[in-house]
There are 2 protein chains.
Amino acid sequence: MKIIGRAIRLFALSAAAIVSTTTLAAEPVAAELAQQGQDLAWWIVEDLTTEIGPRQAATEAEAAARTWAVQRLREMGFQNVREEKFKMPTWVRGEEQASLIGPFHPQKLAIAALGNSAPTGPKGIEGEVVYFASFDALQAAPDRAVKGKIVFIDHKMAPTQDGSGYGTYGRGRFTGPNVAAKKGAIAIVIRSIGTDSHRNPHTGVTNFDTGVKPIPAGALSNPDADQLVRQWTRAQAMRPASGHGDTPEALRMKLLLTPRNLGQQTSGNVIAEVPGSDPAASPIILACHLDSWDLGTGAIDDAAGCGIITAAAKYVMMAGQPRRTIRILWAGAEEVGVFGGKAYFNAYGKEKHAVAMESDFGADRVWRVDFKLPDSAKSLTDRISAAIASYGVVRGKDPAGGGADIGALVAAGVPAIDFAQDGTRYFDLHHTPDDTLDKIDPVQLRQNVMVWTTALAILADSSDTELP
Amino acid sequence: MKIIGRAIRLFALSAAAIVSTTTLAAEPVAAELAQQGQDLAWWIVEDLTTEIGPRQAATEAEAAARTWAVQRLREMGFQNVREEKFKMPTWVRGEEQASLIGPFHPQKLAIAALGNSAPTGPKGIEGEVVYFASFDALQAAPDRAVKGKIVFIDHKMAPTQDGSGYGTYGRGRFTGPNVAAKKGAIAIVIRSIGTDSHRNPHTGVTNFDTGVKPIPAGALSNPDADQLVRQWTRAQAMRPASGHGDTPEALRMKLLLTPRNLGQQTSGNVIAEVPGSDPAASPIILACHLDSWDLGTGAIDDAAGCGIITAAAKYVMMAGQPRRTIRILWAGAEEVGVFGGKAYFNAYGKEKHAVAMESDFGADRVWRVDFKLPDSAKSLTDRISAAIASYGVVRGKDPAGGGADIGALVAAGVPAIDFAQDGTRYFDLHHTPDDTLDKIDPVQLRQNVMVWTTALAILADSSDTELP
């Protein structure tokens, strides 16, 4: 077991030794260090998840993570390392219990409140469960089918390599509670937006429209959602065989959620730079987020992203001073509304950026690259695509979308590159207690770093005719 | 989704129809029914885990399961269906929380109390963690290394097909708390006796010797144990570099466990029979256990076993009356001390039994058969081995051990057969919240039923010269 703080310091020394005695391009430096087992990205992830662990936005744990981050980034030799704080509304989890209480023997369910859920009050609430096969089915339902009941949204998410199911299935979480509240539901529980079969619910933020009174909202783990569906199906089948009336035995749930809104609290970004040799050249911005959901230790979401972008920047730094400044953004408060990304845009959005890139989709390998660069950068895109092809990365046909924390920059016209990671098992872990270090495959994490380092070295020396 | 209560009733009708129009040996009946999708074992498991769910020994849930069991067994056409109650000391879980509180940022750990754990009191306790790489290391330690501290036992269990690691690794749970208590520890937490990497701790019973004052005892999930080990390693590395003294920064834990002893409560066995045609022939006893740990719904442990033995007995019943009576025992209170098995032995141990068999190792396929039969049964063992070879079952060389609930019978000389199930993933789920229906592979469950039905049909018509 390696000791990370010490390891990073040793690493800084040995890296300096390499640079002082040889002249290496960035890519071979990364390859050489990886071969030596000096996995800076792994060290960062292990260090952050071990010493700080969960670090929910605008809590004391996220503040501890920023202090840790500033210290470590300085130790690694980055320049202009700073915290940039901001205020934001803050919601924290309380007790959470759910049970199916009839018509069968009472059973506990594994539940996690969604971010911005209302509390049930300390005594909890009870109600009849009304089943919807999907978010669309809930939207189509008349208010009378929902009023006074506890809504359940089913609709199991299937894994995809590009994570494209998140948009479709995620609506149950993103806006399901808002729709249920508007129709008069007393609470909502959803099948987790996740692809695993463990009793670990997937949390995540939900939002209520202005003027809509929030209701208690939680996610059941997939096995618990399965159990609810089986009981609901049996309860439906117990309706009178005579066919008179429409009075099935009701499936009833008891729910206790005691989250609290703490009002405006302090979060912040951590920013660090590798200063470029040409002060007139616009910087490259690399982003990840430092905050995590509270249930796990935020290893894949998003300590891994911070490890990847930081290792790439460090390796390029070690290869010699780049022409462009490389700026890394460890954003605060991404999970609960991209507050850090917005704060960065408010502070720096009017400055020119050469290109923006973000790593926030786990630690599995990069399998595709997508570009959204000016026409002038055709040769650049070809050079990058060719250089990373040997790592198994294919060139995609879609325009790069950027990522949450650089979303405002990209919307404002900053060029972007996406290094798309394999998301097949990402939603097994996303926002669950199971997002822990043991889920990271060091070999795939290293491939990410190789890809990023290779591309970053090329981008950092790109000309002003290629990029803004 | 099938409605089980109704399905079993339909099943009873259609099975009668099959028997009345054809003359089938038991094995083809099972094959035919399985082909028709009439998976009685699956139905039993789904029904029990859905309508009752967790059913800890001597609780109201286990009583509800007995009521359910008696009704279902009668519906299936078994005879002499009865509850046989007994009293037993009963321990139930309370709140459970654990945190690492220093020298790093405080972090919560996923913990489950072990059965018979002492409570910490409502305010919890704090203490320094003392690390042991294994149960053997704890045993070898001097009292002064342990006194006043919270013991942690590491020693990660590796999966094996035959489950043979349970004995070795399980000692940390079975007797680790007793050893730690005798050495003066204030509490003990162990790495879960489990082979998965999810944040679901593995509970299970522990026992303290008479005269030893119980201490709080819990199991951490494997990822949480990993985290503790990482923090402990870092804390050790923080000892003064001067080498003066032996004063590492202490890794400290806070622990809150509030289990209760409820004194003598009521548990019970459920027994049912397929009466044989020869009243003088000794019966065959098939066992499983009805109780489960409280964290999951007891699908693999041991609803599956009850499904397997009951389906086999039912299919043999459908093929025509057997010569020997088949008695099935759904034992109560196995998990917490085999109280049901002992109660059965006290009631019936003096009667002659032809052979005893138990299914209590999940729902994955039978891969080996072991016998402990009299020499007179050589032809019988050959016939059984040959008949089940086509299901992929090899003949083992070890004598059959029986199982927990038939352990006393086998120790008293009753012949036994073990249908050894594939345990490779059994300890991923064993005694965790994750022991739920979705973990059962219906194809492998069906193979179990085929093997048991085939063997049982042969055994049920065996002669008095072959078996006692």
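Before I turn to the sheet, one definition: two strands pair if DSSP finds at least two bridges between them, and strands themselves are DSSP runs of E with at least two residues, while helices are runs of H or I with at least four, both numbered from the N terminus. What we have here is a predicted model, in which local features need pLDDT of at least 70 and side-chain atom pairs count only at pLDDT 80 or more, whereas totals for chains, interfaces and linings use all residues. Residues are numbered from 1 along each chain as its sequence is written, and chains are lettered from A, with ligands numbered from 1, in the order in which they are written.

Let me begin with the sheet in chain A. Three bridges join β4(A) to strand β8 of chain A, residues 217-220, and these two strands run antiparallel; within that pair, Ala112(A) stands opposite Ala219(A) in β8(A). Both strands belong to an open sheet of eight strands with mixed pairing, whose order in chain A is β3-β2-β9-β5-β6-β7-β8-β4. At the edges stand β3 (107-109) and β4 (111-113) of chain A, each with a single partner strand, so one side of each is left without a neighbour in the sheet. From one strand to the next, the twist averages 30°.

Some backbone details belong here as well. Gly102(A) and Pro103(A) are joined by a cis peptide bond with omega of about 10°, and Pro103(A) is found in the loop between β2 (96-102) and β3 of chain A. In chain B, a cis peptide bond joins Gly102(B) and Pro103(B), with omega about 10°, and Pro103(B) has its place in the loop between β2 (96-102) and β3 (107-109) of chain B. His155(A), in the loop between β6 (150-153) and α6 (165-174) of chain A, has a phi near 90°, a positive value in a residue other than glycine.

How is chain A divided into domains? The domain assignment, whose bounds come from an automatic or database source, gives domain 1 (4-89 + 263-460) and domain 2 (94-258). Taken over C-alpha atoms, the centres of these two domains of chain A are separated by 36 Å. Counting two residues as in contact if their C-beta atoms, placed from the backbone, lie within 7 Å, 20 residues of domain 1 of chain A are in contact with 18 residues of domain 2. On the domain 1 side, the largest share, three residues, comes from helix α13 (residues 426-429) of chain A.

Now to the two chains together, where 30 residues of chain A are in contact with 31 residues of chain B. The elements that give two or more residues to the chain A side are α3 (40-51), α4 (60-75) and α8 (222-237), and α8(A) gives the most, with eight residues.

Finally, a helix pair in chain B. The axes of α11 (residues 378-388) and α14 (residues 442-460) of chain B come within 9 Å and cross at roughly 150°, which makes α11(B) roughly antiparallel to α14(B), a label given to angles over 145 degrees. Axes here are lines fitted to C-alpha atoms, for helices over the stretch in contact, with angles running from 0 to 180 degrees between N-to-C directions. Where do they touch? Arg383(B), Ile384(B), Ala387(B) and Ile388(B) in α11(B) meet Val451(B), Thr454(B), Ala455(B) and Ile458(B) in α14(B).

Note on methods: Angles under 35 degrees count as roughly parallel, over 145 as roughly antiparallel, 65 to 115 as roughly perpendicular and the rest as oblique.
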